[in-house]
Amino acid sequence: LTWTAIDVHGNQSTAVQTITVSDTEKPTITAPAAYSMVNDPGQCSATISNIGTPVTGDNCEVASVSNDHASNIYPVGTTVVTWTVTDIHGNSNTCTQKVTVTDTELPTIVAAPDVSVNNDNGQCAASITLTATATSDNCGVAGLTNAHVSPSFSVGTTIVTWTVTDIHGITITTTQNV
């Protein structure tokens, strides 16, 4: 800005003044809605190609919008995605979005075949060691149990229920006749 001063005799003098306007206003950002999905078959994750786009704005102009999740694969559980908007003057703002992947896949179990044995000598029962195998789960097996706590089985048929539980608490059962 150039200032000019003129006196009553027509003499003049000028001075230059620099005015700098700085943009200190952060851009605005509103995260997309929370996103929920089930795991991909056989995986402990889900591939999600689009979790949405945040709504952004700025008094000057938005330069970029990005998030901190480097891939489109999200593990089972809740991932907090941080979105960042930056304006053309380097001001930035953030918001977060939750992406939840739920494990719905049942673990697999293979019970030992039915068992038929004679009673132990002098007993009205037989001692038997039972086994079963939790063969797989997309996220991992937490435990394999059966409801029969004793290795002793009375004469007759006992139905043993085997239960496998995955790391997310999903269970499946099978039975075995002894």
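In the predicted model, five bridges connect strand 7 with strand 9 (residues 77–87), and the two strands run antiparallel. In general, the strands of a sheet pair through backbone hydrogen bonds, in either a parallel or an antiparallel manner.

A hairpin is formed by strand 1 and strand 2, with five residues between them. Gly10, in the turn, has a positive phi of about 90°. Strand 1 (residues 2–6) and strand 2 run antiparallel and are joined by five bridges. Within this pairing, Thr2 stands opposite Val16 of strand 2. Strand 2 (residues 12–16) is hardly covered, as the count of buried residues among its five residues is zero.

Pro107 is placed in the loop between strand 10 (92–102) and strand 11 (108–111). The relative accessibility of Pro107 is 1%. Because buried means under 20% relative accessible area, Pro107 counts as buried. When neighbours within four places in sequence are left aside, Pro107 is in contact with Ser136, Asp137, Val164, Asp166, Ile170 and Ile172. Leu130 is 23 residues from Pro107 in sequence, and the C-alpha atoms of these two residues are 20 Å apart in space.

Taken as a whole, the protein chain contains 17 strands and zero helices. Its radius of gyration is 35 Å, well over the 16 Å given by the globule rule for 178 residues, so the protein chain is more spread out than a compact globule. Along the principal axes, the C-alpha atoms of the protein chain fill a box of roughly 135 × 25 × 20 Å.

Of the 178 residues in the protein chain, 25% count as buried. The protein chain exposes about 11,100 Å², of which 51% is supplied by carbon and sulfur atoms. Among contacts in the protein chain with a separation of 6 or more, 56% are accounted for by residues 24 or more positions apart.

Technical notes:
Residues are numbered from 1 along each chain as its sequence is written. This is a predicted model: local features need pLDDT of at least 70, side-chain atom pairs count only at pLDDT 80 or more; totals for chains, interfaces and linings use all residues. Side-chain values use heavy atoms; hydrogens and water are left out. Two strands pair if DSSP finds at least two bridges between them. Helices (H or I, at least four residues) and strands (E, at least two) are DSSP runs, numbered from the N terminus. Buried means under 20% relative accessible area, exposed over 50%, partly exposed in between (1.4 Å probe, protein chains only). Contact means heavy atoms within 4.5 Å. The radius of gyration is taken over C-alpha atoms; the globule rule is 2.2 Å times the number of residues to the power 0.38. Accessible areas come from the Shrake-Rupley method with a 1.4 Å probe; for residues, only the protein chains shown count as cover.
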